[in-house]
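Please look over the chain shown here.

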Amino acid sequence: MKYSIFLSLLFTLALTKSFAQPKIIDKVIAQVGENIILYSEIEGQKQSMIQNGVTVENINECVLLEQMLYNFLLVNQAELDSIQISNEQVDAEMENRLRVYENQMKNVKDEKGNPITLESFYGKTKSQIKEEFRTTIKKRMQGQEVERGITSAIDVSPLEVETFFNSIPKDSLPYINSQLSFQQIAIFPKITKADKELAFKKISDLRKQIVAGKTTFCSAASLYSEDPGSAKNCGRYEATRGMMVKPFEATVYSLKVGEISEVFETEYGFHFMQLLDRKGDDYIVSHILIAPKFSLDSLDASSKRLEKCYNDLKQNKIIWEDAVRIYSNDANTKENRGYITNPITGEIKWSVEEVNQVDPMMFQLTDGLEINQVTSPTLYFDFNERKEAIRIVRVAERTKPHVGNLTDDYNLFRMMALDDKKQKAIAAWTKSKISTAYVRIDDSFKDCQFQNQWIPKAP
C-alpha cells in the first residue's frame, strides 16, 4: 500500500453527503482507538475517485479502508502524544481547503443548471461549515505532525540513490518526456509618487460615492476593484485571523459591523472595506483594491533599459549572469541566475504541459528558440507579484524524450529513492503501533488482504 499524508476527509464527507446510496444502511465498519470509520466514508471515497475518472473495477474497498485505518492510527498516536495544533493553524488550513473546494465546484451545477456553492450544498453559512469540520481538520493536522515526525529526518545518500536506480528493472524505468528550463530578466517599471497619488484619488472617490449612497459597495467592487479573487463576488471575503496581510487585518479588527474603513495601503495597493460580520477570529468583509499603475514614461524607460540589455546580449557584450545581476529587479529570479521555478514541482525543469498550465505565453515565446537563445522584450503579467513587468526569456535547457537515467534525471530518482525510504519507515512504524492500539474491523471486511496485520491471527 502506498502511504500518504492524511486523506482529504472534508471533501470525503462532502461527497458522502451528496453520493451516499439511500438503500445502504450506514454502519461502523472499523475503529482505531476512539475514532470510528463509517461505511458511508468508504462510499464517499469511491464516488470521489469515480468523479476523477477511476473506473469502478479499479476501486478496492479494502485498500481504501486500510488507508483510513492508517490515518486514524496517526490520529490515535497524536492523541497519546498530546500533540497540540493551535486554533489559528486550524483556521488557516480550513480557509485554504475551502478555497480549493470552491474552485473545484466552480462549474458544478444542479439539475436545473444553477451553480452549486458550498453554502447551497450544505444549506449553511461558511462560518457554520467551518465549525462543523473544525474537529476533522484538527485531527488531520495532528496526524500530519505524527507522520512528519516519522519521516522528517530521513535522507538518502548518492550511493542509496544509485542502489535504488539499479534495483528498478530496465523495462520498468520511467519514460521522461521533453523537459525545459527557462531563465528571465524582468524589469518592473517604477511606480512614482504621482502614480500612487492617482490610485489614491481614484479609490478615495469610490469610497465617497459609496458613503454618499450614490452607488453600492457591490456595484463598485464588481466594476472597479482590482482584486480578482473577490471583485466578482461584490468584493466579499470570508477569512480568519492570520490569513491576510497585517494592515488588512488591523483594519478589520478596528471596525464595527457595518462600518466602512478609511483608505489604507498594503503591498498590493490601496484598499478600503466594510465589515459585514465578525465572530471571534472569523470575519466577513466587502473590500475594494486599487493598485497604482506605472506611467507611460516609466514603462518607456524600463523598455529602453531592457532593450539595451537585449542588444548587449545579442552582440556578446555581456554574459547572461552579469545581465541578470545588472538589469533584473525581479526578486523571485534575480538571485538564481534568472531561473524560473516551476510552482507545481518546485524544480527549475518544466514539462510542456506544466508550462502551458502555468504560463502559456512562455511556451509560445520560446517554442522555436535554440538553447541559450533569448526572446525580444515583451510585456507580461507576473502572477507572483500581481503586476505587469517587461521581460526577456532564455531557454536554458531542452531535453529530448528519453528513458530515465541517473545522468539526466538524478533529482527524479533521488526523490523516488527518498520516497521509497520514507514509505519503508512508515510501514515499520505502522507495524509496531498496530499491536499497541485498539483496532476493531467489522466481519464484512474480514476477508480483506491487508498489507498490515490489522486483524489478529487466530490462535
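N372 sits in the loop between helix 14 (360-366) and strand 10 (378-382). Helices (H or I, at least four residues) and strands (E, at least two) are DSSP runs, numbered from the N terminus. This is a predicted model, in which local features need pLDDT of at least 70, side-chain atom pairs count only at pLDDT 80 or more, and totals for chains, interfaces and linings use all residues. Residues are numbered from 1 along each chain as its sequence is written, and side-chain values use heavy atoms, with hydrogens and water left out.

**Backbone in loops**

- The phi of N372 is near 75 degrees, a positive value in a residue other than glycine.
- S82 is another non-glycine residue with positive phi, near 55 degrees.
- The loop that holds S82 runs between helix 3 (61-80) and helix 4.
- Most residues other than glycine have a negative phi.

- An open sheet of 4 strands has the order 5-8-7-6, and its pairing is antiparallel. Two strands pair if DSSP finds at least two bridges between them.
- Strand 5 and strand 6 (264-266) are the edge strands, each pairing on one side only.
- From one strand to the next, the twist averages 45 degrees. Axes are lines fitted to C-alpha atoms, for helices over the stretch in contact, and angles run from 0 to 180 degrees between N-to-C directions.
- Helix 8 (residues 193-211) packs on this sheet and touches strand 6, strand 7 and strand 8. Its direction makes about 35 degrees with that of strand 7. Contact means heavy atoms within 4.5 Å.
- Strand 7 and strand 8 pair in the antiparallel sense over 9 bridges. H271 stands opposite L289 in strand 8.

- Strand 1 (residues 28-32) pairs with strand 13 over 3 bridges. Q31 has R440 in strand 13 as its bridge partner.

**Pocket and cavity**

- On a 1 Å grid over the protein atoms alone, a cavity is a set of points where a 1.4 Å probe fits but cannot get out, and a pocket is an open set with protein on both sides within 12 Å along at least five of seven lines; lining residues have an atom within 4 Å of a point.
- Grid points are joined across faces, edges and corners, and a volume is the space filled by probe spheres set on the points.
- The largest pocket has a volume of about 1200 Å³. It is lined by 32 residues, of which R99, E102, G229, S230 and Y237 lie nearest its centre.
- Helix 4 gives the largest share of that lining, 6 residues.
- The structure holds 1 cavity of 30 Å³ or more. Residues lining the largest cavity include S127, D277 and R278.
- Strand 7 (269-279) and strand 8 (282-290) each supply at least two residues of the cavity lining.
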